[in-house]
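Student: I would like to go through this structure with you, one topic at a time. Could we start once it is on the screen?

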Amino acid sequence: MEQATKKKILIWIAAIAGFLLLLALIWLIIFNAQFKTYKDSVNRFSIRYPGAWDIFPNPETGAAVAFVSKKENALDTFRENVNISIQELPETVSLKALTDTIVLQMTKVFPNVAVAQSLPIDFGNRKGQQILFAVDKPDRLRILTVWTIKGGSKAYILTYMSTAKNYPVYLPFVAVMVKSFDLN
C-alpha cells in the first residue's frame with residue numbers, strides 16, 4: 001500500500017475517532033444537565049436527581065424524600081422511584097448486621113424476594129453495601145437498596161424500585177444519584 005494511501009486512511013480514522021469522542025462529550029454534557037441538586041438541611045445530605053422527576057419531601061412512607069419518575073404514557077401503571085430514608089439505630093450496629101436486618105425486612109415485605117446481587121460500595125463518602133433484590137411474583141420488580149451508617153447510630157438508605165423491564169432504563173440515572181449522595 002502506498003504511503004499516501006496509508007496517510008489518508010490514518011487521517012480518516014483519526015477524524016472518525018475525534019467525531020465519536022465529540023459526540024460522547026456532547027451526550028455526557030446533555031445527560032449531566034438533566035440533573036438538579038436536592039439538599040436536606042435537617043438530615044444533612046445532598047443528592048443529584050433527574051430534574052424532570054417529581055420530588056416529595058417527607059412523604060407519608062416515612063422516607064426523608066422520594067423522587068418519582070414521570071409517567072411514560074397513559075398506560076404506565078408503575079412509576080419508578082428512589083427513596084431516601086434515615087433510620088435511627090438503637091445501638092452501634094455494624095454494616096454487616098444492618099445488611100442482615102435489611103435482607104430480613106425485605107423477605108417479610110416480599111415473601112418471594114431473591115438476592116440477585118450483593119456488593120460493597122462507597123456511599124455518602126463512607127463504606128456501604130448495595131443489594132439488588134428481585135421480586136418476580138406477584139409483580140416483576142427490581143429493588144436496588146444502598147446504605148451506609150453514620151456515627152454508628154444512623155443508617156442512610158437509598159432504595160430504587162422499578163419494574164424488571166425498566167430497571168436498566170433508569171439505572172444510569174440512579175447510578176448518578178448513588179454516586180452523588182453526600183453526607184454533610
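**Helices, contacts and salt bridges**

Tutor: Trp12 is found in helix α1, which covers residues 3-33. Please keep in mind that this is a predicted model.

Student: Is Trp12 buried or exposed?

Tutor: Trp12 counts as exposed because its relative accessibility is 60%, and the cut-off for that class is over 50%.

Student: Which residues make the nonpolar surface patch?

Tutor: The patch is made by Trp12, Ile16, Phe19, Leu20 and Leu23, and its area is about 570 Å².

Student: Turning to α3, how many residues does that helix have, and what distance does it reach?

Tutor: Helix α3 spans residues 167-180 and has 14 residues. From its first C-alpha to its last it reaches 19 Å, close to the 20 Å expected at 1.5 Å a residue.

Student: Where does α3 bend?

Tutor: The bend is at Phe173 and amounts to about 35°. Phe173 is also one of the buried residues of α3.

Student: Which other residues in α3 are buried?

Tutor: Tyr167, Tyr170, Val174, Val176, Met177, Val178 and Ser180 are buried in α3 as well.

Student: And Thr99, where is that placed?

Tutor: Thr99 is in helix α2, residues 95-109. With a relative accessible area of 11%, Thr99 is buried, since the limit for that class is under 20%.

Student: What does Thr99 touch, leaving out residues up to four places away in sequence?

Tutor: Thr99 touches Gln129, Ile131 and Trp147.

Student: Next, Ala134. Which strand holds it, and is it buried or exposed?

Tutor: Ala134 lies in strand β7, residues 126-135. Ala134 counts as buried because its relative accessibility is 12%.

Student: Which residues is Ala134 in contact with, leaving aside neighbours within four places in sequence?

Tutor: Ala134 is in contact with Asn112, Val113, Ala114 and Ala116, and also with Leu141 and Arg142.

Student: What separates the C-alpha atoms of Ala134 and Leu144?

Tutor: Those two C-alpha atoms are separated by 8.8 Å, with Ala134 and Leu144 lying 10 residues apart along the chain.

Student: Changing topic, how many salt bridges does the count come to?

Tutor: The count comes to 6 salt bridges. One of them joins the side chains of Asp54 and Lys70, at 2.6 Å from N to O. Asp54 lies in strand β3 (residues 54-57) and Lys70 in the loop between β4 (65-68) and β5 (81-88), so this pair ties together parts that are 16 residues apart in sequence.

Student: What is the accessibility of Asp54 and of Lys70?

Tutor: Asp54 counts as partly exposed at 22% relative accessibility, and Lys70 counts as partly exposed at 41%.

Student: Which residues are linked with Asp54 in a network of salt bridges?

Tutor: Lys70 and Arg79 are linked with Asp54 in that network.

Student: Which residue forms a salt bridge with Lys154?

Tutor: Lys154 forms a salt bridge with Glu88, and their closest N and O atoms are 3.5 Å apart. Lys154 lies in strand β9 (residues 154-163) and Glu88 in strand β5, so the pair ties together parts that are 66 residues apart in sequence. Lys154 is partly exposed, with a relative accessible area of 24%, whereas Glu88 counts as exposed at 58% relative accessibility.

Student: Finally, which residue meets Asp136 in a salt bridge?

Tutor: The side chain of Arg140 meets that of Asp136 in a salt bridge, at 3.5 Å from N to O. Asp136 counts as partly exposed, with 38% relative accessibility.

How values were computed: Residues are numbered from 1 along each chain as its sequence is written. This is a predicted model: local features need pLDDT of at least 70, side-chain atom pairs count only at pLDDT 80 or more; totals for chains, interfaces and linings use all residues. Side-chain values use heavy atoms; hydrogens and water are left out. Patches are made of residues with over 30% relative accessible area and no salt bridge: like charges are joined within 9 Å, nonpolar side chains (Val, Leu, Ile, Met, Phe, Trp, Tyr) within 5 Å. Accessible areas come from the Shrake-Rupley method with a 1.4 Å probe; for residues, only the protein chains shown count as cover. A salt bridge is a side-chain nitrogen of Lys or Arg within 4 Å of a carboxyl oxygen of Asp or Glu. Helices (H or I, at least four residues) and strands (E, at least two) are DSSP runs, numbered from the N terminus. Buried means under 20% relative accessible area, exposed over 50%, partly exposed in between (1.4 Å probe, protein chains only). The expected span of a helix is 1.5 Å times one less than its number of residues. The bend at a residue is the angle between axes fitted to the seven residues ending there and the seven starting there. Contact means heavy atoms within 4.5 Å.
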